[in-house]
Amino acid sequence: MPSVSNKGLTMPQSPIRKLVPFAENAKKRGVTVIHLNIGQPDIKTPQQALDAVKNNNINVLEYSRTEGSEEFRTKIAKYYAKNDIHVNAADIIVTTGGSEALSFAMNTIADTDDEIIIPEPFYANYNGFATACGVTVVPVVSKLEDNFALPPIEDFEKLITPRTKAILICNPGNPTGYLYSKEEIQKLATLVKKHNIFLVADEVYREFTYDDKTHASILKEEGLEEHAIVIDSVSKRYSMCGARIGYLVSKNKEFIATSMKFAQARLSPPTYAQIASEAALDTPDSYFAEVKTEYVARRNILIAELEQIEGVKIARPQGAFYCIAELPIKDADHFAQWLLEDFNLNNETVMVAPAAGFYATEGLGKNQIRIAYVLDQESLKRAVRILKEALKSYKG
């Protein structure tokens, strides 16, 4: 029998999606599953985005431009200008989701066995993208007791080798919800300039910052123009995960020109999704004010409820809509599967994401879970109540 590639064999499973079969079996048994495992907001997609597709009169669904339509990219640049980020359409490549933007970025800046330093825990698919691109992830540990703040800059510097091509951060962070300060961004900017490497920032949660804190984009840092690469997406911002539209943004012309070759190989991003995404950019600021208010309320309820469970430790998120909780157990993977196979409270259970998959260092995160607070407040209360009772019954 022909064999599959080593790359395929080493490709990590998604810690978020690998438990789906167990959840589906639970539902078939009549158990209601409350999903805390995936960052799929329940917030309504802006109506103008939906209407733009419904009311469109396209007769031939043609290829779009490889880099995305000029009208869309110009409008994206205007969105950034509203956030005091000054780029133009030529600095932007529209991608099929932020995932493709990350893949293009890794392939553009790194050869096989080159290294990218990433603070862990990090978005689990960074491991997958790196494996697919032949890139080595070099983790630098951030800690729950520090609220997952940026590790000391010395920890980054001692990991830099001739093969290091970039430092990659997510700001605000998935899965931690940590929001990097301007001072932390400036430390990273100084470091990448010193060592002549890239700083890649996944900024898809830019709008979702709490406690009167503001987002510090790497695109605002003077002197970082040749080093800064931003990954962005409409998925979370406008609750449009299914549109699969992202952007790659950089003022480094060689980087953009090289990334375009990877973009040409996949032809073009989807036309209807671009139409919806372009219309979404007209969403009024009041939409985000309401969404942020709701997420703050959800976060506060979730943290307050979790803090009442003996033995649970929680990092307090300042952005995005995730938190990491440390549970009084040994193996969160086993616990998460047990929740779906063997436990229910009043015929309800919860699905969580085991956090080990968000780390690159073997053994870290084994007793942690990521919770996405993308459900209504009452559902979050019920979910934590189920979690509390489950921990009392769990024997693993």
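Where is Ser 239 found? I looked this up first. Ser 239 sits in the loop between β7 (228-233) and β8 (246-249). I take helices (H or I, at least four residues) and strands (E, at least two) as DSSP runs, numbered from the N terminus.

**Ground rules.** I am working on a predicted model, where local features need pLDDT of at least 70, side-chain atom pairs count only at pLDDT 80 or more, and totals for chains, interfaces and linings use all residues. Residues are numbered from 1 along each chain as its sequence is written, and side-chain values use heavy atoms, with hydrogens and water left out.

**Ser 239, continued.** Is Ser 239 buried or exposed? Its relative accessibility is 6%, so I log Ser 239 as buried. The cut-offs: buried is under 20% relative accessible area, exposed is over 50%, and partly exposed is in between (1.4 Å probe, protein chains only). Next I checked what Ser 239 touches, with contact meaning heavy atoms within 4.5 Å. Neighbours within four places in sequence aside, Ser 239 contacts Gln 40, Pro 41, Ile 43, Lys 44, Thr 45, Val 234 and Tyr 287. I also noted Asp 42, which is 197 residues from Ser 239 along the chain. The C-alpha atoms of Ser 239 and Asp 42 are separated by 7.6 Å.

**Core.** I looked up the largest nonpolar core, which has 139 residues. Such a core is a set of buried Ala, Val, Leu, Ile, Met, Phe, Trp, Tyr and Cys residues joined through side-chain atoms within 4.5 Å. Which members touch the most others? They are Ile 167, Tyr 247 and Phe 335. I followed up on Ile 167. Not counting residues up to four places away in sequence, Ile 167 touches Ile 117, Phe 156, Leu 188, Leu 191, Val 192, Ile 197, Phe 198, Leu 199 and Val 200. A general reminder: in soluble globular proteins, nonpolar side chains tend to be buried together.

**Helix α10.** I started with Thr 271, which is found in helix α10. Thr 271 counts as partly exposed because its relative accessibility is 21%. Leaving out residues up to four places away in sequence, Thr 271 touches Ile 58, Leu 61, Glu 62, Tyr 63 and Ser 64. Thr 271 and Ser 64 are 207 residues apart along the chain, and their C-alpha atoms are separated by 6.0 Å.

Which residues of α10 are buried? I find Ala 273, Gln 274, Ala 276, Ser 277, Ala 279 and Ala 280. The buried residues of α10 pack against α3 (47-54), α4 and β2 (92-95).

I then took α4 (residues 70-82) against α10 (residues 271-280). Their packing angle is about 30°, and the axes are 10 Å apart. Axes are lines fitted to C-alpha atoms, for helices over the stretch in contact, and angles run from 0 to 180 degrees between N-to-C directions. So α4 and α10 are roughly parallel. Angles under 35 degrees count as roughly parallel, over 145 as roughly antiparallel, 65 to 115 as roughly perpendicular and the rest as oblique. Glu 71, Phe 72 and Lys 75 of α4 meet Gln 274, Ser 277 and Glu 278 of α10. By type, the residues of this contact are 1 nonpolar, 2 polar and 3 charged. I count Ala, Val, Leu, Ile, Met, Phe, Trp, Tyr, Cys and Pro as nonpolar, Asp, Glu, Lys and Arg as charged, and the others, Gly among them, as polar.

**Helices α11 and α13.** How do α11 (residues 285-306) and α13 (residues 377-393) pack? Their angle is about 20°, with axes 10 Å apart. That makes α11 roughly parallel to α13. From α11, Glu 294, Ala 297, Arg 298, Ile 301, Leu 302, Glu 305 and Leu 306 meet Gln 377, Leu 380, Lys 381, Val 384 and Leu 387 in α13. The residues in this contact divide into 7 nonpolar, 1 polar and 4 charged.

**Backbone check.** Most residues other than glycine have a negative phi, and most peptide bonds are trans. I looked for departures. The bond from Glu 120 to Pro 121 is cis, with omega near 5°. Pro 121 lies in the loop between β3 (115-120) and α6 (125-133). Asn 174 and Pro 175 are also joined by a cis peptide bond, with omega about 20°. Pro 175 lies in the loop between β5 (164-170) and α8 (182-195).

Asp 211 is not a glycine, but its phi is positive, near 60°. Asp 211 is partly exposed, with a relative accessible area of 39%. Asn 347 has a positive phi of about 65°. I place Asn 347 in the loop between α12 (332-341) and β11 (348-351).
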